[in-house]
Amino acid sequence: MASPNDYRPVLLGSDATTYGMARNFYALTGQPVDAFARNQLVPTRWSHIVHVHVVPELDQDATFVAAMHDVAARYDEQDGPLLLVACTDTYAELVARHKDELDPRFVCPSVDYDLLKQLNDKEQFYNLCGDYDLPYPETKIITRAMYDSGVAITSPFSFPVMLKPTESVEWQGINFRGRKKVFTIHSQVELNTIVARIYEQDYSCDLVLQDFIPGDDSHMRVINAYVDQQHHVKLMSVGRPLLVDPSPAAIGNVMAMLPAYDRELCDLVQPFLEGIGYTGLANLDLKFDDRDQTYKLLEINMRSGRSGYFLTLNGYNIAEWLVRDYVTRDLDQTNTVYAHDDPRRAYLWLGVPRHIFKRYTPDSALKNQALTLIDQAHVGTTIFDPHDFSIPRWVLLHRLFFGYNKLYKRYFAELKGNLKEVEANGN
């Protein structure tokens, strides 16, 4: 492994994903990691292993390039490359868009901007899936022009159905009463109401209306992958979510996950990533559809996911792949690693307190497996690092975790009620 003097990681973000990536690099170098963001978020506050430098409006095009040149100037005495890793969708898009304008010392392990725009736009993303025979949910596109023309917007699928924006970055700036990350729509009246609310907020992109795939959280799969500069997949990890976030703003975000060895699923996705010329970190969400016995791809994130530390917890520090690809440059000589082939090494990743997991995760053989891992102390989180302790940080993080009690009490019944309705309708 390269020495800390051969390169310097520079992170963009201050959220839990950023903290997990900082832990990865800290494990390799033993040195604190610098991160830059427009504001300071709780997961990285008062940390000894990541120092967040606040740069106002860093997430805006008008200031990003100039700000990043200032960031590069901080490291004039650094001999090796600056490994620039974006930890949120917004920063990933900014890096891809402005790669050619950044200081040449920055090394950017990311996709090109044209491909990023295709993958961020769910309509184009599903078209690419079709080109590679990769199954995805039946879909209808709703456009702004359709809404403006007054044409009736109806669903070809039985209710309930899923409704979500095609463009995730623009969606972050849209706010209205009842806004959600993804909507479960139960009737034509509700469909009309939600579509109107969205387009009344000057959202310019399309919406995706989708067939609802039945099944609880155990039907979900998460694939984390690393694809090298030659567009070869070098690492594939499959995770089995057991519990998700039920709140409107973050619905579907994984809160508990077990590792799974699934070569068949990897073989389904790997040709897609290599065929489209992907580069860097990829995080993909899929769901198994009992109706036709297929996995259907829901979305792709061009960065590590918020549960990305799950990889390190299970023995695969993703920062090592980045360093071997861009610093020591020996990754191309290695074969693809299909993770989690040894169940004795398994660790449960949690994004919520253990009592929340035990109370709200449905009983199943998988839950029993997870509880056994907890008893064996084979369990961990992203933001709690025993080597990064201070009393203010400990208090802050426990307040954050305590908030999940209220969140699950308020929203969990609604989420499960929607799922039961789908199953009762035989969808």
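Which elements each supply at least two residues of the lining of the largest cavity? In this predicted model, the elements that do so are β4 (82-86) and α3 (89-97), and β4 gives the most, with 3 residues.

**Confidence in the model**

The pLDDT averages 92 over the chain, and 96% of the residues score at least 70. Residues 421-427 have a pLDDT below 50, and this stretch has 15 contacts in the model beyond near neighbours in sequence.

**Empty space inside the structure**

Rolling a probe the size of a water molecule over the atoms shows where empty space is left. The structure holds 5 cavities of 30 Å³ or more, and the largest cavity has a volume of about 140 Å³. Its lining is made up of 13 residues, and those that lie nearest its centre are Ala86, Ala92, Pro109, Ser110 and Met302. Sorted by class, this lining has 10 nonpolar, 2 polar and 1 charged residues.

Helix α3, which contributes to that lining, is largely enclosed by the rest of the structure, because 8 of its 9 residues are buried. The buried residues of α3 are Asp89, Thr90, Tyr91, Ala92, Glu93, Leu94, Val95 and Ala96.

The second largest pocket holds about 190 Å³ of space. Two or more residues of its lining come from each of α10 (309-313) and β17 (379-380). The lining, which includes Arg23, Tyr309, Val352, Arg354, Gly380 and Phe401, divides into 8 nonpolar, 2 polar and 2 charged residues.

In soluble globular proteins, nonpolar side chains tend to be buried together. Here the largest nonpolar core has 78 residues, and Leu12, Phe25, Phe106 and Tyr408 are those with the most contacts inside it. Helix α14 (residues 391-424) gives the most to this core, with 7 residues. Apart from this core lies another one, of 34 residues, among them Ala96, Val238, Leu273 and Ile276.

**A buried asparagine**

Asparagine 283 is found in strand β13 (residues 280-289). With a relative accessible area of 5%, asparagine 283 counts as buried, because the cut-off for that word is under 20%. Beyond its neighbours within four places in sequence, asparagine 283 is in contact with Val222, Ile223, Asn224, Glu299, Ile300, Asn301, Arg303 and Gly305. Asparagine 283 and glycine 305 are 22 residues apart in sequence, while their C-alpha atoms are 5.8 Å apart in space.

**Backbone details**

Most residues other than glycine have a negative phi, and most peptide bonds are trans.

| Residue | Phi | Loop | Relative accessible area |
|---|---|---|---|
| Aspartate 133 | about 55° | between α5 (122-131) and β6 (139-142) | 67% |
| Glutamine 293 | about 60° | between β13 and β14 (294-301) | 52% |

Are these two residues buried or exposed? Aspartate 133 is exposed, and glutamine 293 is exposed as well, because the word applies to a relative accessible area over 50%.

A further backbone detail concerns the peptide bond that joins phenylalanine 159 and proline 160, which is cis, with omega about 0°. Proline 160 has its place in the loop between α6 (144-149) and β7 (161-165).

Terms used
Residues numbered from 1 in each chain as written. Predicted model: local features only at pLDDT ≥ 70, side-chain atom pairs only at ≥ 80, totals over all residues. Heavy atoms only, no water. 1 Å grid on protein atoms, 1.4 Å probe; cavity = no way out; pocket = protein on both sides within 12 Å on 5 of 7 lines; lining within 4 Å. Points joined across faces, edges and corners; volume = space filled by probe spheres on them. Helix = DSSP H or I, 4+ residues; strand = E, 2+ residues; numbered from the N terminus. Nonpolar A, V, L, I, M, F, W, Y, C, P; charged D, E, K, R; others polar. Core = buried A, V, L, I, M, F, W, Y, C linked by side-chain atoms within 4.5 Å. Buried < 20%, exposed > 50% of the residue type's maximum accessible area, 1.4 Å probe, protein only. pLDDT = per-residue confidence, 0-100. Contact = heavy atoms within 4.5 Å.
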